[in-house]
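Please keep the sequence and the structure in view while reading.

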Amino acid sequence: MTSEVLPSQTLRKANQPSDHNQLSNSYEETFQKLVAAIPSQLKNHQDFTLSLAGEESQFTRFNRAKVRQTGLVRDGQIYLSVMTDNRTTSVTLPFTGEFDTDWLSTQSALSQVQQDFFELPIDPYVVLPTAIEDNTSREVRSGQLLKATDVAEQLLRPVETLDFSGLYAGGISYRAYADSAGKQHWFEAPSFTLDYSLFGNSLNQAAKGTVAGSRWDAETYRTNVAATQRQLELLSRPAKVLPKGSYRTYLAPAAVAEIIDTITWGGLGEAALRQGNSAFSPLEKGESILSKKFSLEENFNRISIPRFNDSGEIPPSQLPIIEKGRWANSLVSPRSAKEYKKPSNAASTPESMRAPAIAPGTLSHSQILSQLDTGLYLSNLHYLNWSDLVAGGITGMTRYACFWVENGEIVAPIENLRFDDNLYRFLGEGLIDLTVEQTFIPTVSTYNRRSLGGMWVPGMLIEQFRYTL
């Protein structure tokens, strides 16, 4: 199997908004024309898959409560694979949305990859396109985003007297898939994320906030900023230096999301389990269990992302992964299904979670500090990694607004600490409770393009979370 990446293309940068509906209709029409035209270029017994990812996004970067950079980016790539029963080759191409241009580059790429097609190594687990029952879908969501000309005024008015930095990214994103077996899917949705920080007068005084969704709401933004300001005021108190040791700890939803993102990256897939690269092997084999209070599932009903995977399969809208502390299902991609002879549940090729959700508990928001009593309140974490993958050891650092709490009241911010604990302990016997409320933590990364989705998580109260530095 080979994969060639051609240079991506920024289609246009401008400072004015565009007619999203008209352009996205044009993109969908061009994609359909490409799907219809490709078979004429294939040789006997060759199949193809064609995926598309693109966006029209307004990016605005702020620093010290002023606009430092802004612009509209239209960008798209198509990913074309050609395969026989034992070989496959792929190429990534820029997508302009203009058929004549895109068809010319697609024809050229097809001609190029077919010249060396039969020199490629045999792939015994190549997944050929097959017809399925849910072979077509079209999902076009609606929303109400800020106009590009309103972004600066709306975002800066509540923070004009504060040291505010951040990145706003908003606009329409689209994804599509089609193959030679007749499957065809289109997904399109407006969305925005605002990832920002407020800074105090001294070093290390920074509080972080995130706002995301498909509809801009000024009141939600003002409430979020006010909560971040309160954290910043608490950070102005003298910091407390804590010795290494174990402390009762509350992890706010953003901190929980960092942990879940790390421990679920690749570890829940069938391939990782069969190849010995998963910390969840003891749980899957029934050798270890987690707390009955902990449940993890894929839930596509609450997150705005396309359900179809990179083979055009549609997963169930909900799939339990861990139920009440016990293993329920692994993520099985079509390739792993073929290799390990298990039914596919339409996981993506990396077999990572796409719509994770942690079940809530019984701890109300008003009880968090009183139930924590004396210990650490952690708003966020960073630099997470495995310290012992096979055994489930995970390490990371505290970040942003993290506080020492005594007798149910916040006393002081803390100097940063490094934790190193085992997931079978802190999600097992160490898990005291989870909050009733779940919070949506959006994915704000912009590598290659704006990411979609996020995860729904509650806060967690943990007994004797272990800090090593």
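Does Lys342 count as buried, partly exposed or exposed? At 32% relative accessibility, Lys342 counts as partly exposed, where buried means under 20% relative accessible area, exposed means over 50%, and partly exposed lies in between (1.4 Å probe, protein chains only).

## About the model

This is a predicted model, in which local features need pLDDT of at least 70 and side-chain atom pairs count only at pLDDT 80 or more, while totals for chains, interfaces and linings use all residues. Residues are numbered from 1 along each chain as its sequence is written, and side-chain values use heavy atoms, with hydrogens and water left out.

## Salt bridges

Side chains of opposite charge can pair when their charged atoms come close. A search of the whole structure finds 17 salt bridges, each being a side-chain nitrogen of Lys or Arg within 4 Å of a carboxyl oxygen of Asp or Glu. One of them joins Glu270 to Lys342, at 3.4 Å from N to O. Glu270 lies in helix α6 (residues 270-274) and Lys342 in the loop between α8 (334-340) and β14 (356-358), so this pair ties together parts that are 72 residues apart in sequence. Helices (H or I, at least four residues) and strands (E, at least two) are DSSP runs, numbered from the N terminus. Glu270 is buried, with a relative accessible area of 1%, and salt bridges that share partners join Glu270, Arg274, Glu284 and Lys342 into one network.

Another salt bridge links the side chains of Arg450 and Glu55, at 3.5 Å from N to O. Because Arg450 lies in the loop between β20 (439-442) and β21 (454-457) and Glu55 in strand β3 (residues 47-63), the pair ties together parts that are 395 residues apart in sequence; both Arg450 and Glu55 are buried. Glu29 and Lys33 also form a salt bridge, at 3.7 Å from N to O, and these two residues, four apart in helix α1 (residues 20-37), are separated by about one helical turn. Glu29 is partly exposed at 45% relative accessible area, and Lys33 is partly exposed at 41%.

## Helix α2

Helix α2 (residues 99-115) has 17 residues and reaches 24 Å from its first C-alpha to its last, close to the 24 Å expected at 1.5 Å a residue, the expected span being 1.5 Å times one less than the number of residues. The buried residues of α2 are Asp102, Trp103, Thr106, Ala109, Leu110, Val113 and Gln114. Seen down the helix axis, they fall within an arc of 130°, so they line one face of α2; the arc is that of the directions from the axis to the C-beta atoms. On the other side, Asp100, Leu104 and Gln115 are exposed.

## Two residues with positive phi

Lys341, in the loop between α8 and β14, has a positive phi near 55° although it is a residue other than glycine, and it is exposed, with a relative accessible area of 73%. Glu351 has its place in the loop between α8 and β14 and a positive phi of about 55°, but at 3% relative accessibility Glu351 counts as buried.

## Nonpolar cores

The largest nonpolar core has 47 residues, and those with the most contacts inside it include Leu251, Phe294 and Met460. Such a core is a set of buried Ala, Val, Leu, Ile, Met, Phe, Trp, Tyr and Cys residues joined through side-chain atoms within 4.5 Å. Its largest share, six residues, comes from helix α5 (residues 253-264). Apart from this core lies another, of 33 residues, among them Leu145, Leu162, Ala252 and Leu363.
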